[in-house]
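Here is a short tour to read with the model open beside you.

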Amino acid sequence: MRQDLRHSDLVYSTTQKASAAVTSPVAASWSRCLNLYRLQPEEARKPAQVDEATFREARERMERLIGSSADEVDRLYQMVGRSGCCIILADHSGIVVDRRGAPGDDVEFRALGLWQQTLWSEASVGTNGIGTALADERAVVIHRDQHFMSANIELSCATAPIRDHLGRVTAALDVSTCRNDVSDMTLAVLSQAVRDAAARVESNLFRQAYAGARIVVVPQANSLSALIAVDADDLILGATKAARLTLKLDDGLIAQGMPAADALRETRGESTSDLDDAERAALRRVLSRANGNVSQAAQILGISRATLHRKMKRFQLH
């Protein structure tokens, strides 16, 4: 009880400082919990369990994502599951729809609410890895007394949001532990592992959504999840959130049919046009198929060898 009161005092004193919410994401979350959700840190509140119908709807809605993420969740569990961690997959509202945990740890995790059908939204249980990652739409680490509720300060959580093929947050992937010897370095490693796994799940979802398109990694983004889907005419069909941020894309630009070359800022000579680029690309493809044999390429194109030479000279093809 004394520890609960000390934690409550910390929450109240921190949120009373006007600048705290501006400089600290945790303090900003605490402020939301107090002022927006009207929660009290000393309240002995555990995560609520949603009813069977709500849980079934959430599972059905997430069925494709659960299947797409199963390998990544399993791989993450193999990395950290034996060190006292459990893996949680929650939907966009914070309902736990899938999890992995060691049988020896499950009793404790279940008592803490880290179980299927429980609700870990920020509005329900205050600052926590799942709820705050969903609220802020970014990866977070919430370590022990950074949780809002005193009931949750035994937990340490590293969480990353998962976005769908349109860039919208649709789920959260979380690693949680109740070990009291977790260091900042360990949490940093867990956080990186969770973010990498979430990025791979996003990439899988994106590739599945645009299965018939050419998938291009955006080189400027330094992120493997920065992908665009391009059709046969080099027009962008879709883009992940990382690609949208890097290339300054939105739904409107994508709907207009923006050329991938324009979005990627691929430069060309001042005198060239889209038709010139198309002709040059066509010549290169035919020459490649003919293994550089000009006579054979000219025959494929139905033009004379001299004409093909002139076109090659114009486009500086050797």
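## Terms and confidence

A residue is called buried when its relative accessible area is under 20%, exposed when it is over 50%, and partly exposed in between (1.4 Å probe, protein chains only). Helices (H or I, at least four residues) and strands (E, at least two) are DSSP runs, numbered from the N terminus. This is a predicted model, in which local features need pLDDT of at least 70 and side-chain atom pairs count only at pLDDT 80 or more, while totals for chains, interfaces and linings use all residues. Residues are numbered from 1 along each chain as its sequence is written, and side-chain values use heavy atoms, with hydrogens and water left out.

The predictor's confidence in each residue, pLDDT, goes from 0 to 100. Its mean over the chain is 89, and 94% of the residues reach 70 or more. Please take care with residues 267-271, where pLDDT stays under 50. For this stretch the model has three contacts (heavy atoms within 4.5 Å) beyond four places in sequence. Where pLDDT is low, the predicted coordinates should not be read in detail.

## Helix H8 and its cover

Which residues of H8 are buried? They are Gly129, Ile130, Gly131, Thr132, Ala133 and Leu134. Because six of the eight residues of this helix (129-136) are buried, H8 is largely enclosed by the rest of the structure. The cover over these buried residues includes helix H3 (25-36), S1, H7, strand S3 (140-143), S4 and S5.

Both ends of H8 are worth a look. After the helix comes Glu137, whose phi is positive, near 55 degrees.

## Glu122 in H7

Glu122 belongs to helix H7 (residues 122-125) and counts as buried, because its relative accessibility is 3%. Its side chain has two polar contacts to find on screen (pairs of N or O atoms within 3.5 Å; within protein, one must be able to donate a hydrogen and the other to accept it, and residues adjacent in sequence count only if both atoms are side-chain atoms). With the side chain of Arg32, the distance is 2.8 Å; with the side chain of Tyr37, it is 3.2 Å.

Beyond its neighbours within four places in sequence, Glu122 also touches other residues, among them Ser29, Cys33, Leu39 and Gly131. Ala135 is 13 residues away from Glu122 in sequence, with 7.1 Å between their C-alpha atoms.

Strands pair here if DSSP finds at least two bridges between them. S1 and S2 run antiparallel, joined by four bridges, and Ile87 stands opposite Arg100 in S2. Four residues lie between these strands in their hairpin, where Gly94 has a positive phi near 100 degrees. S2 (residues 96-100) is largely enclosed by the rest of the structure, because five of its five residues are buried.

Ala158 is the bridge partner of Val141 and stands opposite Val175 in S5. The hairpin of S4 and S5 has five residues between the strands, and Gly167 in the turn has a positive phi of about 85 degrees. Eight of the eight residues of S4 are buried: Ser156, Ala158, Ala160 and Ile162 point one way, and Cys157, Thr159, Pro161 and Arg163 the other.

## Nonpolar cores and an aromatic pair

A nonpolar core is a set of buried Ala, Val, Leu, Ile, Met, Phe, Trp, Tyr and Cys residues joined through side-chain atoms within 4.5 Å. The largest has 32 residues, of which Leu76, Ile87, Leu89, Ile162, Leu173 and Val175 touch the most other members. Elements giving two or more residues to this core include helix H5 (63-80), strand S1 (85-91) and helix H9 (184-209), and H9 gives the most, with eight. A second, separate core of 16 residues includes Cys86, Ile88, Leu114 and Val169.

Rings of Phe, Tyr and Trp (its six-membered ring) pair if their centres lie within 6.5 Å; planes under 30 degrees apart count as stacked, over 60 as edge-to-face and the rest as tilted. The structure holds one such pair: Phe206 and Tyr210, tilted, 4.9 Å centre to centre with 50 degrees between the planes. Phe206 is buried at 0% relative accessibility, and Tyr210 is buried at 15%.
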